[in-house]
Amino acid sequence: RGFYPVLAMEAATGKRADEYLLVINYVNQAGEVVRRDTTRKRFSWNETNLSLKAGLPLNLTSGAYFRLLQPEVRMDYTHYEHNSTTPENFNRGSLQTVAYRLYYHQLMRQAYRDILPDWGIVTDFTFRHGPWGDNDPGELMAAQMRGYVPGFMKNHGISLYSGLQQRKNGSKYGFSDAIRYPRGYHAMNNKQMVSLSADYRMPLLYPDWNMGRWIYFRRVKALLFGDYAWLSGDVLNNSREVVGSFRKNFYSMGVDLTADVNFLRIYAPANWGVRSVYVPELNKFTFEMLFSIDFTSF
């Protein structure tokens, strides 16, 4: 990291494993199926991964704002090799992808008790494709923007997010989503996607309470959110042939209740809590456990 550009390389090789469902039919003397069993069959394959990344992190910080402009290029190579347990239709050969990214943020310096910056903007543009290799992963282009404005009370914060994505899948592969999906939903294969969300974050109390050496509670906070996404894509049959198209809207809203804690007197802070999501389309609530830890705060 002493000179521009910043270079990074990662390599890994080894055996991986997974499972698939095997359907076994039992027939009588007339050839009619009289019973059907479904079992899980485990298989493995050999995989080699190589990643190269070059970035130009330009620190433009001045005055009350942190500013960073970072163009980046990343190349990934993956090679799949079968063994005696690998199904014949499983991935084979090499997959090579290239990703181009342009990232920028301008964030106001925060006071110690601020949950979010009072003012700020983050932009992120990405383009991914696979110009070489045995397999075609398609293309993905995405743009994201997040803005920060003050809340209604001291130390409160509002975060507004928007994302736009267009994807072209390959014959077997497709890139994963680059923009946010509405909370409470599972990802769905799509060709175009628009995502919007609004978060309101606020501190509730500062208990300054500990349970001996095991856990220390610094702050309890809440998040109110609303998410929306519009998707369009192709409908495929079992042979992966396009038989139609779809357009769909997703809505969700909910509350996060979390605490900033430290475990076992470790300096790295953790965020621990629960999320409640209401999905109007299904008229139901779902609950999720939340946990993260920040090892970059040392």
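Lysine 221 counts as buried, with a relative accessibility of 9%, where buried means under 20% relative accessible area, exposed over 50%, and partly exposed in between, computed with a 1.4 Å probe on protein chains only. The model is predicted, so that local features need pLDDT of at least 70 and side-chain atom pairs count only at pLDDT 80 or more, while totals for chains, interfaces and linings use all residues. Residues are numbered from 1 along each chain as its sequence is written, and side-chain values use heavy atoms, with hydrogens and water left out.

The side chain of lysine 221 meets that of aspartate 260 in a salt bridge at 2.6 Å, N to O, a salt bridge being a side-chain nitrogen of Lys or Arg within 4 Å of a carboxyl oxygen of Asp or Glu. Lysine 221 lies in strand E11 (residues 215-236) and aspartate 260 in strand E12 (residues 242-263), so the pair ties together parts that are 39 residues apart in sequence. Strands (E, at least two residues) and helices (H or I, at least four) are DSSP runs, numbered from the N terminus. Aspartate 260 is also buried, at 8% relative accessibility.

## Other salt bridges

Side chains of opposite charge can pair when their charged atoms come close. The structure holds 15 salt bridges, and among them is the one between arginine 167 and aspartate 177, at 3.0 Å from N to O. This pair links distant parts of the chain, 10 residues apart, with arginine 167 in strand E8 (residues 157-169) and aspartate 177 in the loop between E8 and strand E9 (192-205). Arginine 167 is buried at 6% relative accessibility, whereas aspartate 177 is partly exposed at 23%.

Arginine 74 and aspartate 76 also meet through their side chains in a salt bridge, at 3.0 Å, N to O. Arginine 74 is partly exposed, with a relative accessibility of 32%, and aspartate 76 is partly exposed as well, with a relative accessible area of 23%.

## Backbone features

Most residues other than glycine have a negative phi, and most peptide bonds are trans. Tyrosine 4 and proline 5, however, are joined by a cis peptide bond with omega of about -5°, and proline 5 lies in the segment before strand E1 (6-27).

Leucine 264, which is not a glycine, has a positive phi near 55°, and this residue lies in the loop between E12 and strand E13 (270-279). Arginine 265, found in the loop between E12 and E13, has a positive phi of about 60° although it is not a glycine, and its relative accessibility of 69% counts as exposed.
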